[in-house]
Amino acid sequence: MSAAAPLLIARRRPDLSLGVWTVAAAILLFMVVVPLAWILVASVHADQDNRLTPANYVEAFTKSIYLEPVRNSLILAALVAVIAVVFGTVLAWAVSRTDMPGRTLIRMLTFASFVTPSFLGATAWIFLAAPHSGWLNRAWVALTGAPRGFLNIYSLAGAVCVIALYSYPYAFAFVSSALELVPSEMERSAELLGANWLRTTWRITLPLVRPAIIAGALMSFLEAIAEFGTPAFLLIPARQQVITTQLYLFFQFPSRPNLAAAYALPLLAVTVSLFLLQQRLLRRGRFTTVSGKGGVRVPFRLGPWRWPVFAICITPPIFSLILPYAALLATSLSHAWGRGPVPGNLTFAWYHWALVENQGARRAIAHSVSYAAAAATIATVLAVCSAYAVGRRLLPGARILGYLAMAPFVVPGIVLAIGFFAAYARPPLVLYGTAWMLIVAFATRFLPIAYAGSESALRSLDLELENAARTLGSGRLRTFGRITIPLLRRSILANWLMVFIPSLRELSSAVFLFTPATAVITNVIFDLSDEGNFEPLSALGIIMMALTFGLVAVAYRLFGGGVFGQRQRA
Amino acid sequence: MMESAPHSDEVMPGGRTLSRRTVLGAGLGIVGQALLGADTGRRPAEAAAPADEAGLYAEAKKEGKVVWWTAHYQLNAAEAVRDAFVARYPGIEVQFIRQTAQVIYQRLTQNLKAGVRELDVFASTDEAHYTALKRQGVLAAYRPLGLGNLPQAFQNVDPDGTYHVGALGFVIINYNTTLTIPPQKWTDLLDPRWKDQITVGHPGFSGYVGNWVVAMWDKFGWDYFAKLAKNNPKIGRSINDTVTDIVSGERLVGAGSDGTSLDSRSRGNPVNIQFPADDAILIVSPVAVLKDAPHPNAARLLESFYYTKEYSLAMSKTSNYTLRADVPAPSGVPIDRVKWYRNKVERLEKGVPDAIAKWRETFGV
């Protein structure tokens with residue numbers, strides 16, 4: 001007894017675990033705070049001689065050529081947000097509240113749109129709707145004898161539609177999960193009082209889920225304003241520069257990284273203030289009917305409207321998935337895409353090129369997979385540790401840790417990349433040129449997804465089990481490793497996947513941070529697009545998406561659809 | 001051109017070693033650099049080199065390899081040059097990276113900042129990179145063997161001999177072969193009959209386009225672009241976008257590069273080139289040996305190789321201009337018979353940023 005007692009005390013000492021949490025906190029600091037601080041520092045130093053000066057801000061925000069892109073970006077993002085919310089809400093309503101046929105199909109296709117990067121969609125839409133050579137335009141000309149087609153993907157409208165097609169899943173996810181919690185009673189009352197279904201939906205259902213709609217709009221806006229690939233592909237020919245393409249130009253020779261930092265900060269200000277605005281709106285208009293308890297949910301009977309509503313709901317997926325993937329596939333199998341699907345144009349050479357022949361492409365594929373896996377692992381571990389530290393209040397100022405982990409949520413990828421470049425392309429810590437530059441950037445960028453997932457999973461865990469282990473003499477760290485982690489296993493795997501998928505397809509930060517030795521698939525795709533090599537680009541894009549969907553399918557098989565439930569909270 | 005990522009049987013500078021060195025060099029400062037210097041067997045490239053090929057080869061062979069970063073031009077061209085070099089000089093391994101000029105330049109700049117020495121021969125397509133590097137004093141002055149095989153006009157691009165012509169290319173008029181009579185000169189593109197049919201790149205994204213814009217500006221005045229804008233050209237990013245647009249039928253004529261257009265033609269695509277009567281715009285893509293090259297003799301040997309017949313044959317095989325008049329050019333027009341115009345590098349340094357700003361005013365992008 002007397003021998004065991006000191007041992008027990010020793011085991012109980014929380015020192016070791018405190019160390020782990022502190023390390024997690026330090027890493028967060030290094031991933032989030034340092035890069036953002038460096039942007040600030042860089043922005044007030046001259047590019048030429050590194051002297052302290054406000055000149056970058058003056059240059060960035062007085063010259064009309066730099067103000068124009070800001071205006072364009074705001075218009076683009078606002079339009080995308082509106083369209084995405086309309087699509088997302090209509091689809092969510094039809095899937096969650098009605099007896100429309102093919103609800104599971106629509107849900108799956110929406111998820112597939114979410115996984116598809118919009119720059120790949122933009123490329124496919126060039127094949128489909130370039131003014132003269134686009135296949136849809138050519139078909140139109142052939143059918144009607146008109147001198148030219150009516151679609152022009154090289155336009156603001158084109159870019160807005162393409163980005164909206166790939167960001168409506170956010171609104172869908174938020175709104176559908178909210179709708180699933182709304183009981184039908186209030187709708188019933190409205191109907192009994194004589195309102196038709198349209199009026200009921202407009203006056204009762206939608207206001208009930210307004211917070212979710214706002215959240216969806218905000219996410220789409222953030223996506224659109226931070227998007228780099230699609231504007232580079234579609235808006236340069238449309239003679240419109242946006243903030244992200246302008247930032248890219250600042251990194252061309254002679255590069256102006258400090259001017260870029262000054263130019264990027266207001267973008268950050270916009271996203272942060274929108275986020276705060278959303279928080280305020282949510283606080284004001286809260287209806288407690290969305291309680292998750294009680295209430296029966298009866299699907300709306302659409303009657304004769306069942307198929308027309310289905311036709312509406314299948315439209316976004318047709319434009320975001322079916323047409324684009326068909327175009328990419330056809331191009332990847334062509335000798336020259338401009339010749340169209342004619343005999344003699346069929347070849348598997350580009351797949352051979354990407355998977356066997358070309359070392360560069362093969363290395364890029366290997367880099368993408370390994371970097372995304374490493375980023376997902378780092379983000380997941382960090383998220384669990386910091387969410388645990390926050391949830392159990394293990395550190396002084398634990399709440400700040402939570403804010404830090406969520407902060408990258410409002411930092412556009414391109415801004416984060418500029419911060420990483422400013423912070424880690426110079427001594428004392430030179431990550432530029434190494435794989436870590438991309439891995440850490442990806443991990444940081446998608447950390448909020450893992451954090452939100454871990455936090456809500458931890459919240460749903462009862463403390464009893466942990467307390468039991470602690471009472472029996474297990475230390476904090478041991479309890480965490482033996483009790484908490486196993487209980488969270490499922491959520492951890494889900495988080496890992498939800499970081500892995502976007503990391504694999506990330507372009508906007510990779511384009512600034514890669515070097516010849518660390519190029520990933522998206523870098524090669526961007527370079528190929530730069531040189532107009534659309535056939536190998538399509539083959540690589542198809543390979544990237546096959547990897548993604550393959551992984552999704554395996555996860556679905558192993559864990560069922562619940563794995564991706566996280567998405568709705570992230 | 002097809003591929004942008006490096007070809008790795010050539011073994012790239014390994015990511016891990018590199019990162020360790022980078023961190024070391026940065027962290028330990030001078031001590032770290034001294035250690036690294038010792039580690040890689042430093043011998044400054046300025047020291048006297050054997051003046052004959054056999055002697056240089058013998059020294060280079062002792063070093064065993066050469067690290068070469070090139071933007072000239074497509075991957076298959078770089079591979080053909082590597083193969084020809086290895087065939088002529090067995091026993092020297094060529095580690096190369098084929099990337100766009102901006103990427104290899106930025107990488108080199110970062111290395112210089114961090115004190116990492118890994119590169120021997122730098123071959124970008126932008127002459128301004130070299131004047132900047134020269135000012136920092138990081139290029140070795142060296143007269144490669146066989147430089148005299150170049151046409152006289154190209155022999156002394158840098159009076160101090162720190163860089164030399166490594167590859168030649170032109171901005172010319174490229175067109176879809178459904179056109180029986182292509183535009184004959186740059187000013188023909190201003191004709192309203194080409195409205196909605198022209199494709200060009202962007203000077204902010206492409207060094208070739210920047211060069212072309214400055215040349216047009218100096219030859220015809222900015223008015224040229226004011227008039228061109230009325231014909232509503234499609235503006236892409238890279239100069240190679242013009243080939244895509246022409247081959248796909250999106251547009252009919254462009255201001256493109258000879259190499260990519262002819263390469264596309266060789267694959268059976270409906271594109272051809274026209275040397276404009278009012279001058280093809282000559283783009284000199286230099287090559288230079290680094291002063292701190294870890295393999296100084298192999299570096300010199302590789303630079304000298306540029307002026308051999310094998311090098312020109314490798315370039316010609318991959319649709320690029322040859323450096324020697326005794327190897328026929330793929331365009332059928334020998335190098336000394338092309339009517340060309342070249343921007344002075346001092347003009348480009350100031351001219352390109354100005355041109356980008358004016359371009360923005362005129363074209364809105």
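User: How many bridges join β4(B) to strand β8 (residues 271-274) of chain B, and in which sense do they run?

Analyst: This is a predicted model, where local features need pLDDT of at least 70 and side-chain atom pairs count only at pLDDT 80 or more, while totals for chains, interfaces and linings use all residues. Residues are numbered from 1 along each chain as its sequence is written, and chains are lettered from A and ligands numbered from 1 in the order in which they are written. Strands pair if DSSP finds at least two bridges between them. Helices (H or I, at least four residues) and strands (E, at least two) are DSSP runs, numbered from the N terminus. Here 4 bridges join β4(B) to β8(B), and the strands run antiparallel. Look at N174(B): its bridge partner in β8(B) is I273(B).

User: Which residue stands opposite V171(B) in β7(B)?

Analyst: S257(B) stands opposite V171(B). Strand β7 (residues 253-257) of chain B pairs with β4(B) in the antiparallel sense over 5 bridges. Strand β9 (residues 280-289) of chain B is joined to β4(B) by 7 bridges, also antiparallel. There, H164(B) has V287(B) as its bridge partner.

User: How many residues of strand β4 (residues 164-176) of chain B are buried?

Analyst: In a regular strand the side chains alternate between the two faces of the sheet. A residue is buried if 20 or more other C-beta atoms lie within 10 Å of its own, exposed if 12 or fewer, and partly exposed in between, with C-beta atoms placed from the backbone. In β4(B), 13 of 13 residues are buried, and the strand is mostly covered. Across chain B, 57% of the 365 residues count as buried. Chain B has 12 helices and 10 strands.

User: Why is helix α8 (residues 241-248) of chain B largely enclosed by the rest of the structure?

Analyst: Count its buried residues. They are 8 of 8, so α8(B) is largely enclosed by the rest of the structure. Among them are D241(B), T242(B), V243(B) and D245(B). Just after α8(B), G249(B) takes a positive phi of about 85 degrees.

User: Which phi does D196(B) take, and where is its place?

Analyst: Most residues other than glycine have a negative phi, and most peptide bonds are trans. D196(B) is not a glycine, yet has a positive phi of about 65 degrees. Its place is in the loop between β4 and β5 (198-200) of chain B. D196(B) is partly exposed, with 13 other C-beta atoms within 10 Å. S319(B) is not a glycine either, and has a positive phi of about 70 degrees. S319(B) is in the loop between α11 (309-317) and β10 (340-341) of chain B. S319(B) counts as buried, with 24 C-beta neighbours inside 10 Å.

User: At what angle do the axes of α5(B) and α12(B) cross?

Analyst: Two packed helices are described by the angle between their axes and the distance between the axes. Axes are lines fitted to C-alpha atoms, for helices over the stretch in contact, and angles run from 0 to 180 degrees between N-to-C directions. The axes of α5 (residues 127-135) and α12 (residues 345-363) of chain B cross at roughly 100 degrees and come within 9 Å. That makes α5(B) roughly perpendicular to α12(B) (angles of 65 to 115 degrees; under 35 is roughly parallel, over 145 roughly antiparallel, the rest oblique).

User: Which residues of α5(B) meet α12(B)?

Analyst: E127(B), A128(B) and T131(B) meet V345(B), L348(B) and E349(B) (contact: C-beta atoms, placed from the backbone, within 7 Å).

User: Which residues touch the most other members of the largest nonpolar core?

Analyst: In soluble globular proteins, nonpolar side chains tend to be buried together. A nonpolar core is a set of buried Ala, Val, Leu, Ile, Met, Phe, Trp, Tyr and Cys residues joined through C-beta atoms within 7 Å. The largest here has 285 residues, and V80(A), A379(A), I418(A) and L438(A) touch the most other members. Leaving aside neighbours within four places in sequence, the contacts of L438(A) include Y371(A), A510(A) and F514(A).

Technical notes: Contact = placed C-beta atoms within 7 Å.
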